[in-house]
Amino acid sequence: MSQSKKYTINTRKAISETIEGETIIIDLETGSYYSMNPSATALWNAILEENLIPVDKKNILDFVQNLESEGLILESSSSADKPLADISQFSDPKLEKYDDMQEMLLADPVHDVENTGWPNLKKK
Amino acid sequence: MNPLISIIIPYYKGERFIAETLQSVLSQEYSNIEIIVVNDGSPAESLKALAPFEKNIRIISQENKGPSEARNVGIRASQGELIGLIDADDLWPKDHLTLMIPYLTEQTPYDLVRGRVEHFKINSDGSHEKSEPVFWEMLLGSGLYRRTLFDRVGFFDPSMRAGEDIDWNLRVRESGSQEKRIPEVVLLYRRHDSNCTNAINSIKEGQFTSIRKKLARMQTHKE
């Protein structure tokens, strides 16, 4: 029997957008951003839908562990009954990380929502 | 050296704070300035707030096309060697221009100067909050720019209604332009309570668009 795990997106940190099979993720806490190829996008969408992710293939396990170590996803303890994701779409998932826009991506009222965006906020 | 500085303010329904913004620009220690307010299709009611300043500002009106096109129109219509940009709710300390002009003379190699930003918020109970001074590269009001910079890197992308500042700053950076950073606070950036879902979604969309445009440029460069 194949081994599988369930994950959720760490919505405290990560926002994502997919256009034409390419997903961009922004880490709101660090200002890093990531791009994903179509294979990785399929995997990310499966996580978004909280499907079971088969992790007995090394490339999938490596990828998921990478997302986890970046803090973009969390292992889920949900017992909700969800289908096993279709592994055929996950042939070559690739995640590329970029740190060259941190100042710009952090300078944004988006973060006011959770009171995390103000640098060293202090009251007069 | 006494260059003319053009200050461009995109204006859309900004009546709540525009008087404070204009006052902060008119209070600059440096006086050789022209102020261009580009009314981006605001209703007539919103224009009343500009009336007390009519002698000091030039107003250009256009149909609502977003802040990118408003700034572009203002810059194209302006005469100054140097360009300042400020949004209709933010404030400049009175030494904003005097601090930065010395780095944009004929003898200096810089294309733009940037100073620090202090975020401030006035709460409904009248209390003030402010942040530590920081560099926020994307905030256009924290810089002073040579006109030639726009000739080289282009204008703001009129198809973007949010995030156009990120996109433009990325292009500035990629162009190899020389930036001077000074430690002083040159922009007081107003935070609002009214960060409604629509505004936040539009900012997110602008961030994603800027990133995609940048990755596409990187790809083209590789090819």
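A charge sits over a ring if NZ of Lys or CZ of Arg is within 6 Å of the ring centre and within 35 degrees of the ring normal. The legends below describe a predicted model.

**Figure 1. Two arginines of chain B over phenylalanine rings.** The charged end of Arg190(B) sits over the ring of Phe17(B), at 3.7 Å from the ring centre. In the second example, Arg71(B) places its charged end over the ring of Phe156(B), and the distance to the ring centre is 5.3 Å. Phe156(B) is also a member of an aromatic cluster, which is the topic of the next view.

**Figure 2. Aromatic cluster in chain B.** Ring pairs connect Tyr145(B), Phe150(B), Phe155(B), Phe156(B) and Trp168(B). A pair of aromatic rings is described by the distance of the centres and the angle of the planes. Over all chains, eight aromatic pairs are counted. One of them is the stacked pair of Phe150(B) and Trp168(B), with 5.0 Å from centre to centre and 20° between the planes. This pair links distant parts of the chain: Phe150(B) belongs to helix α5 (residues 147-153) of chain B and Trp168(B) to helix α6 (residues 164-174), 18 residues apart. Phe150(B) and Trp168(B) are both buried.

**Figure 3. Edge-to-face tyrosine pair in chain B.** Eight aromatic pairs are found over all chains. Tyr103(B) and Tyr110(B) make an edge-to-face pair, with ring centres 6.4 Å apart and planes at 65°. The relative accessible area of Tyr103(B) is 28%, so this residue counts as partly exposed.

**Figure 4. Salt bridge between two loops of chain A.** The whole structure holds 23 salt bridges over all chains. In the one shown here, Glu29(A) pairs with Lys13(A), and the closest N and O atoms are 3.7 Å apart. The bridge links distant parts of the chain, 16 residues apart: Glu29(A) lies in the loop between β3 (22-27) and β4 (33-36), and Lys13(A) in the loop between β1 (4-9) and β2 (14-19). Which of the two partners is buried and which is partly exposed? Lys13(A) has a relative accessible area of 9% and is therefore buried. Glu29(A), at 37%, is partly exposed.

**Figure 5. Salt bridge between chains A and B.** Side chains of opposite charge can pair when their charged atoms come close. Glu17(A) and Arg212(B) form a salt bridge with an N to O distance of 3.0 Å. The pair crosses between chains: Glu17(A) is in strand β2 of chain A, and Arg212(B) is in helix α7 (residues 197-222) of chain B. Glu17(A) and Arg212(B) are both buried.

Figure 6. The side chains of Glu179(B) and Arg181(B) form a salt bridge, 2.7 Å from N to O. Glu179(B) counts as partly exposed because its relative accessible area is 27%. Arg181(B) is also partly exposed, with a value of 30%. Salt bridges that share partners join Asp157(B), Asp167(B), Arg171(B), Glu174(B), Lys213(B) and Arg217(B) into one network.

**Figure 7. Helix α1 of chain A.** Chain A has three helices and eight strands, in the order β-β-β-β-α-β-α-β-β-α-β from the N terminus. Helix α1 (residues 38-48) is mostly covered, with eight of its eleven residues buried. The buried residues are Ser39(A), Ala40(A), Thr41(A), Ala42(A), Leu43(A), Trp44(A), Ala46(A) and Ile47(A). Just after the helix, Glu50(A) adopts a positive phi of about 55°.

Figure 8. Ser76(A) is located in the loop between β6 (73-75) and β7 (95-98) of chain A. Why does Ser76(A) count as buried? Its relative accessibility is 17%, and buried means under 20% relative accessible area. Apart from neighbours within four places in sequence, Ser76(A) is in contact with Lys6(A), Tyr7(A) and Thr8(A). For chain A overall, 47% of the 124 residues count as buried. Of the contacts in chain A between residues at least 6 apart in sequence, 70% join residues at least 24 apart. Chain A exposes about 6400 Å², of which carbon and sulfur atoms supply 47%.

How values were computed:
Residues are numbered from 1 along each chain as its sequence is written. Chains are lettered from A and ligands numbered from 1 in the order in which they are written. This is a predicted model: local features need pLDDT of at least 70, side-chain atom pairs count only at pLDDT 80 or more; totals for chains, interfaces and linings use all residues. Side-chain values use heavy atoms; hydrogens and water are left out. Helices (H or I, at least four residues) and strands (E, at least two) are DSSP runs, numbered from the N terminus. Buried means under 20% relative accessible area, exposed over 50%, partly exposed in between (1.4 Å probe, protein chains only). Contact means heavy atoms within 4.5 Å. Accessible areas come from the Shrake-Rupley method with a 1.4 Å probe; for residues, only the protein chains shown count as cover. Rings of Phe, Tyr and Trp (its six-membered ring) pair if their centres lie within 6.5 Å; planes under 30 degrees apart count as stacked, over 60 as edge-to-face and the rest as tilted. A salt bridge is a side-chain nitrogen of Lys or Arg within 4 Å of a carboxyl oxygen of Asp or Glu.
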